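Dear colleague,

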Amino acid sequence: RRHLPFLVQEENFFLKYSLARDGASLMTLLERARNSPRTILAIKTVDGDIFGAFTSSPWHDKGNNFYGSGESFLWRSNNDFVDSRDDTCYAEDLRVSKFSVEAFSWTGANRNVQMSNFKRLIVGGGEPEIKESTNGNSWGFGLTLDGDLSRGSSCSCATFGSPCLSKSPEREFFHVENVELWSLTPASTIEQAEKLEAAREFIYKHSKLIEI
């Protein structure tokens, strides 16, 4: 929790999407995430690696344009994860207290924070002006997922000053076992969290109509 913005460090966690529960579809993930301002993306690979991203702009289809804020960061777990949750809201930070997390904060080098459409999801990207050693890994996108959520990649990236997050034998490429997206919420139950997000959607839609 210490890596999260101070204002949301005590909020609970609401499971918005799970590949194992909801099927392998980036379109479904984006649809379920559209009213969630702050989310944690968690990926588990077939090699047992666990990593992801915290972002503070709602995920949505925005073509090939980057968006997002400097509150975001990439993260990876340094040890194994045991999943023993149900689908309730959690204040235990994806069981983060059970394992060590390394976070890579926004460096200010560029604004390549989030990109998403129905074909791919991306967090971070770009090369630094002065390239440092990356232990054989190439510079590129910090984290990507394909549209069917079966495969992704991770490279060193300037946005977060992060290394390759995956320890896959294929270097930056990895195969996905599960993907989860958790929304931060002040609500203490799923019902309350769903009502809050429904209210956000109503306000967002009507604000768009007023702008027009």
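With a salt bridge taken as a side-chain nitrogen of Lys or Arg within 4 Å of a carboxyl oxygen of Asp or Glu, the count comes to seven salt bridges. Please bear in mind that this is a predicted model, in which local features need pLDDT of at least 70 and side-chain atom pairs count only at pLDDT 80 or more, while totals for chains, interfaces and linings use all residues. Residues are numbered from 1 along each chain as its sequence is written, and side-chain values use heavy atoms, with hydrogens and water left out.

One of the pairs is Asp 22 with Arg 32, whose closest N and O atoms are 3.7 Å apart; Asp 22 sits in helix α1 (residues 19–22) and Arg 32 in helix α2 (residues 26–33), 10 residues apart. Helices (H or I, at least four residues) and strands (E, at least two) are DSSP runs here, numbered from the N terminus. Arg 32 is partly exposed at 38% relative accessibility, where buried means under 20% relative accessible area, exposed over 50%, and partly exposed in between (1.4 Å probe, protein chains only).

Another salt bridge joins Glu 102 to Arg 76, with the closest N and O atoms 3.0 Å apart. Glu 102 belongs to strand β5 (residues 101–105) and Arg 76 to strand β4, so this pair ties together parts that are 26 residues apart in sequence. Glu 102 counts as partly exposed at 29% relative accessibility, whereas Arg 76, at 17%, counts as buried.

Finally, salt bridges with shared partners join Arg 21, Asp 22 and Arg 32 into one network.

Best regards
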